[in-house]
Structure formats: structure tokens, C-alpha cells
Amino acid sequence: MAVLFRNATVLSMTDPVKATPFVANVGVESNRIVMIDTDEARLQEFVTRNADCLTEIDASSKILMPGLINTHTHVSMTLMRCFADDITLMSWLNDHIWPFEAKLNADDIALGARLGMAEMMLGGTTSFVDMYWYESAVARQAKRMGMRAAVSPCFVDSRMEAFEVDLVDSLREAEGCDRVQVFVAPHAPYSCSLANLKRGASLSRQYNLPVHIHLSETTDEVNMVRQTYDMTPTEFIDSLGYFDQPTIAAHCVRLTEGDVSILRDKGVTAVHNPQSNMKLSSGISPVWHLLQNGVNVALGTDGTCSNNDLDMWDEMRTAALLQKVSGTDPTVLPAYEALRMATVYGAKALGKEGELGVIAEGALADIILIDTSRPHLHPMNDIVSALVYCGKASDVSTVMIDGRIVVKDGVIEDVNLPELYSEIDACISSIKQRA
């Protein structure tokens, strides 16, 4: 299969300092971008070479850019959308979320994941990093729907045995599929005993897997860990050797200068989840300070129970505005940097820097087209500002993942949405009736 995007306005994201959009033809063969050019001879050679299997798309009124990367979510929590709102974090977890989750089975998780992936794909998210139970079921759904996923089987003290089974099952599910990665996910320093945290670190080393963890999300967490271990959460998790593996640390709201140095020196990616942190009143992560000090900072939505959607466009806008108001400086976290958090820095977190998050020859073909024929995108005095401050998930018209078109003209391929909604409603009714 080959695809030719003709006359697209390309936003490559390859320049680390500024965006320089340009018009070009973009050619894809198999799952790679093989041509970005205006040269007529090269265009004709591409068309001739792929004449038997070529799909052409007129992108003359579209912005072509890399797919977005949601670097921290719990995708199956779509089942709990608007289920427990306006509650403090510990009450939210202990009194509402964990009791609901105790009723879930693998089929529920798979169905919730399917709904979440449909939402993300329609909004231009092509890769996501998940953390939940029954992650092998999430991996199966990602393979079925054609999405790129990093699944992270999660453990708390009450689920160690189930976690180890899920880890092995997830690794088996990921075999032979380049679109699926597996991480080890201790839930948080406060929800796992020292013995179980050590066990998780050992398994990460044994299987040579990266780590995905909630870290320094709230003041309560910091106080609990200090009282128990006389360390900050960052110092404590580092002391257990987790950061010797590539690590994604979600939230990173309450950090000391020493914590920032550890994250930088160990190459840990901090994932900013601005809307979730705002809703749960966790605080504001010092994103600009982290970036200025050399920490890789990516962007995530968190789950739909604490967000309540999976819209990365809304997350970018919120991230940029929140840093400005928290520091009383309108120059911090400019639009292009927010967009890089959702693309380039997310790719780095996945160990795929230069392969994802950019439009470049040789890169993986995870591509989205933005329809600019919308009132809120006119006049487009600056493309990046328009995308970050005005862009909406509904502006995405076409989505390609790994060289395959999965959304065309705003319609998701191979998913009957009304049927899926009916399945979700029936699932929720069943869960609520369970003991």
C-alpha cells in the first residue's frame, strides 16, 4: 500500500526552535514516509513506482502534521466518565474509583478501551501510553483498531498476583506487533508496599522494560512518603532503581530542586496532565522550570474520570495558559513548545525520537490532516498559534497510523459507533448491578 498526500501544508515539527510550514507532496510506502518534496520528477517517479497500489488524497486545504501522543492515560476509564466528579483525590480513589474498578473484568476493560481509542483516533491521537488492569486486553484492542499503544500493567498491593499474570500476557500480546510496547507500572509510591515496589523494579530489570508511574501528584503523597521513608517520592523511587530503566512519571506536581535534578540526570520523562491536576486540585506542575532545566516533559490527558475526555488539543491549550498564569509571565510555554510536548517529546518518552512526532523522510507514517475550513481557524495569521489556541479535536479530518488510514473525512474505519455506544450502556448497567 502507498499513499500520496498532494499539496499539503506540512508542519514537520523537526525544527527545535520554530515552526516553518511549507507546501509539499508527502508520499508513504508501507509504514514509512519516503517522500516530502515539490520536485515534479520525484513525484512522478513515486506515482509510477506505486501505480498498482496508490491512494491519492488532496490535502491542498489541509495542514499535515504528526499524530499526537497521549503520554499518560487510563483509556478504559471511559466507563467512569462523569462518574465521580468534584471530589478530593484520596476520597475519589478510595470511596469511588477503586470500589467501581473492583467490579471490572477483562471484557469490560476491552470495551472501555475500544471507546477511548475511538475518541482519541477521531481527535488525531495516534499513540497513547496506558496504565491499568488487564492491559493485555487493551493491547488486543489496539491491535484490532490499528492504534499505537504502550500498555502498562499496573500493580497496587492488592493486585500483585494479577499484575504478574497480566504482565506476561501483555508481553505475549505484544510479540510480533511493532505498534505495541509494554511498560511496568507501580501505581504510586503511596499505594504499594516497599516489598512490592522492590518486586516491580526487579521485574522491570528482568524483562528489560521501561517504567510508568504516578509521581509527586499531591502534597498528601509527598507527606506520606516523607513520613514513611524520610525521602521525597522522587528520591524514594530513584533509590529503588526504577530510574535506571527509561521511565515515564505522570504528574510531577510537587517537586523540589533536588527532584528536578534527579529527573534530568536520570532521563525521566515528566508527563503534564493539566486538566486532571486542576480538577482534582492537585496543583500546577512546574513545566516551564522542568523544560528549562533539561527535563523531557510530555503531555497526557490522564483518565476520563478525572479529565473528563481524551482531547489532546484542549490539553495543549490548557497547558500553555496554565503555565502563563501560574508564573505571571505570558512568554512561558509558547504554543510551539506545547505542540512539541504533544508530539516530539512524547516520541522521546516512547524511545522513538525521530521516528514518531515528526514529519520526516524515514519516519513512521503516523500522520494527521487538519481541516482549516473552520471559522475558528480564520484568519490563520500563525499556524502553530491557531492549532494550539484555537484547534479542536473535530478539526481532524484524516488519520494515518503506521501507514494505514484509520480515519477518513472524519469517519473512523471499522467501528460502528452507535453499536459501540449501545454496548457501553449495557456494560455500565451490568457493572452497577454486580455485588
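**Entry 1: β6 and its sheet**

I started at β6, which is joined to strand β7 (residues 125-130) by four bridges, with the two strands running parallel. I take helices (H or I, at least four residues) and strands (E, at least two) as DSSP runs, numbered from the N terminus. Two strands count as paired if DSSP finds at least two bridges between them. The model is predicted, with local features needing pLDDT of at least 70 and side-chain atom pairs counting only at pLDDT 80 or more, while totals for chains, interfaces and linings use all residues. Residues are numbered from 1 along each chain as its sequence is written, and side-chain values use heavy atoms, with hydrogens and water left out.

I then followed the whole sheet, which is open, has four strands in the order β6-β7-β8-β10, and is paired in parallel. β6 (68-73) and β10 (180-182) are the edge strands with a single partner each, so one side of each has no neighbour in the sheet. From one strand to the next, I noted an average twist of 15°. For angles, axes are lines fitted to C-alpha atoms (for helices over the stretch in contact), and values run from 0 to 180 degrees between N-to-C directions.

What lies across this sheet? I found helix α4 (residues 135-145) across β7, β8 (148-151) and β10, at about 170° to β8.

I went through the pairs in turn. Strand β12 (residues 211-215) and β13 share five bridges, and His214 sits opposite Ala250 in β13. β13 and strand β14 (residues 269-272) share three, with Ala249 opposite Ala270 in β14. β14 and β15 share four, and there I noted His272 opposite Leu299 in β15.

Is strand β13 (residues 247-251) mostly covered or mostly open? Mostly covered: five of its five residues are buried. Buried means under 20% relative accessible area, exposed over 50%, and partly exposed in between (1.4 Å probe, protein chains only).

**Entry 2: β1 and its partners**

Strand β1 (residues 2-10) is mostly covered too, with seven of its nine residues buried. I listed its partners. With strand β2 (residues 22-29) it runs antiparallel over seven bridges, and Val3 has Val28 as its partner there. With strand β4 (residues 54-58) β1 pairs in parallel over five bridges, and Val3 stands opposite Thr55. Two bridges join β1 to strand β5 (residues 62-66), also in the parallel sense, with Val10 partnered by Leu64.

**Entry 3: Leu369**

I picked Leu369 in strand β16 (residues 367-371). Why does Leu369 count as buried? Because its relative accessible area is 1%. Skipping neighbours within four places in sequence, I found Leu369 in contact (heavy atoms within 4.5 Å) with residues including Phe5, Ile57, Leu64 and Val396.

The largest nonpolar core has 136 residues, and Phe5, Trp92 and Met117 have the most contacts inside it. A nonpolar core is a set of buried Ala, Val, Leu, Ile, Met, Phe, Trp, Tyr and Cys residues joined through side-chain atoms within 4.5 Å. Helix α3 (residues 106-122) gives the core its largest share, eight residues. Another core, of twelve residues, lies apart from it and includes Phe183 and Leu356. I checked Met117 as well: beyond four places in sequence, its contacts include Val75, Phe128 and Met145.

Last, I looked at α3 against helix α16 (residues 417-433): they pack at about 140°, with axes 10 Å apart. That makes the pair oblique: under 35 degrees is roughly parallel, over 145 roughly antiparallel, 65 to 115 roughly perpendicular, and the rest oblique. The α3 and α16 crossing is left-handed, meaning the near helix is turned anticlockwise from the far one by less than a right angle (clockwise would be right-handed). Among the contact residues I noted Leu111 and Leu115 of α3, and Leu420 and Ile424 of α16.
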